Amino acid sequence: MGRHRHSLSLSRKQQAYLADFINSDILSKQQRNRAQVLQHWIADLSVQESGELLGLSIDRVYSMRRAFSQQGFKDYLHAVPRCGAPNKLTPKLETLLRRLTQQAEAKGKRLTLSLLAKRVVELGYADRICTVTVQRALKQVKAAQLTTTDQPAYALVQSSRLNAEQAA
């Protein structure tokens, strides 16, 4: 006995975006397959027919449809391909690491990656986490801090230029 057939309906705006997305020249084969699976789903093609047209297994087409249902339209189309375990670098984890490092800096202490990883596990943000993952998260946090501190200075320079031009 086969699975139940579910149809997909998208708004006209989403369908137009999907058509433009598929016609883009810079798509990888994986991105194009993801978009075409959606098009086939809209056209009410079966999973088997879609898989045959794209050269994919039935299980792969099902998993792509499931990913669309979980991620939503734009996130599904623009998702970065990943393999292996799910990404542990969540916004909550980044916020926690930012807070922990700021508290340590305020006390004049430096935390090692292994201490940070242990603290993340103790606080229940992850069952386990590698120090490399913590290091990546810290890099993202520091990069975000640099852009936020640079932005006001840039805005200040721009506003002073505008004021000077308006005065002239």
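In this predicted model, Arg34 lies over the face of Tyr76, at 4.4 Å from the ring centre.

**Aromatic pairs**

The structure contains four aromatic pairs. Tyr17 and Phe73 make one of them, in an edge-to-face arrangement with 5.9 Å between centres and 65° between the planes. This pair joins distant parts of the chain, since Tyr17 belongs to helix α1 (residues 12–22) and Phe73 to helix α5 (residues 73–77), 56 residues apart. Tyr17 is partly exposed, with a relative accessible area of 28%, whereas Phe73 has a relative accessibility of 9% and is buried.

Trp41 and Phe68 form another edge-to-face pair, 5.9 Å centre to centre and with 75° between the planes. This pair also links distant parts of the chain: Trp41 is in helix α2 (residues 29–42) and Phe68 in helix α4 (residues 58–71), 27 residues apart. Trp41 and Phe68 are both buried.

The two pairs are set out below.

| Pair | Geometry | Centre to centre | Angle between planes |
|---|---|---|---|
| Tyr17 and Phe73 | edge-to-face | 5.9 Å | 65° |
| Trp41 and Phe68 | edge-to-face | 5.9 Å | 75° |

Ring pairs also bring Phe21 together with Tyr17 and Phe73 in a cluster.

**Nonpolar cores**

The largest nonpolar core has 19 residues. Leu18, Leu38, Phe68, Phe73, Tyr76 and Leu77 have the most contacts inside this core. Helices α1, α2, α3 (47–54), α4 and α5 each supply at least two of its residues. Another core, of 13 residues, lies apart from the largest one and includes Leu89, Leu96, Leu100 and Leu138.

What is Phe73 in contact with, leaving aside its neighbours within four places in sequence? The contacts of Phe73 are Leu10, Gln14, Tyr17, Leu18, Leu38 and Phe68. Among these, Tyr17 is the partner of Phe73 in an aromatic pair, and Leu18, Leu38 and Phe68 are listed with Phe73 among the residues that have the most contacts inside the largest core.

**Helix α7**

Helix α7 (residues 113–122) has Leu116, Ala117 and Val120 as buried residues. These three lie on the same side of α7 because they cover an arc of only 100° around the axis. The face turned away from this buried side carries Lys118 and Glu122, which are exposed. After α7 comes Gly124, which has a positive phi, near 85°.

How many salt bridges does a search of the whole structure find? The search finds one. Its partners are Arg119 and Glu122, whose closest N and O atoms are 3.3 Å apart. Both residues are in helix α7, three residues apart, or about one turn of the helix.

Is Glu122 buried or exposed? Glu122 is exposed, because its relative accessible area of 57% is over the 50% cut-off. Arg119, at 37%, is partly exposed.

Methods. Residues numbered from 1 in each chain as written. Predicted model: local features only at pLDDT ≥ 70, side-chain atom pairs only at ≥ 80, totals over all residues. Heavy atoms only, no water. Phe/Tyr/Trp six-rings, centres within 6.5 Å; stacked < 30°, edge-to-face > 60°. Helix = DSSP H or I, 4+ residues; strand = E, 2+ residues; numbered from the N terminus. Buried < 20%, exposed > 50% of the residue type's maximum accessible area, 1.4 Å probe, protein only. Lys NZ or Arg CZ within 6 Å of the ring centre and 35° of its normal. Arc of directions from axis to C-beta. Core = buried A, V, L, I, M, F, W, Y, C linked by side-chain atoms within 4.5 Å. Contact = heavy atoms within 4.5 Å. Salt bridge = Lys/Arg side-chain N within 4 Å of Asp/Glu carboxyl O.
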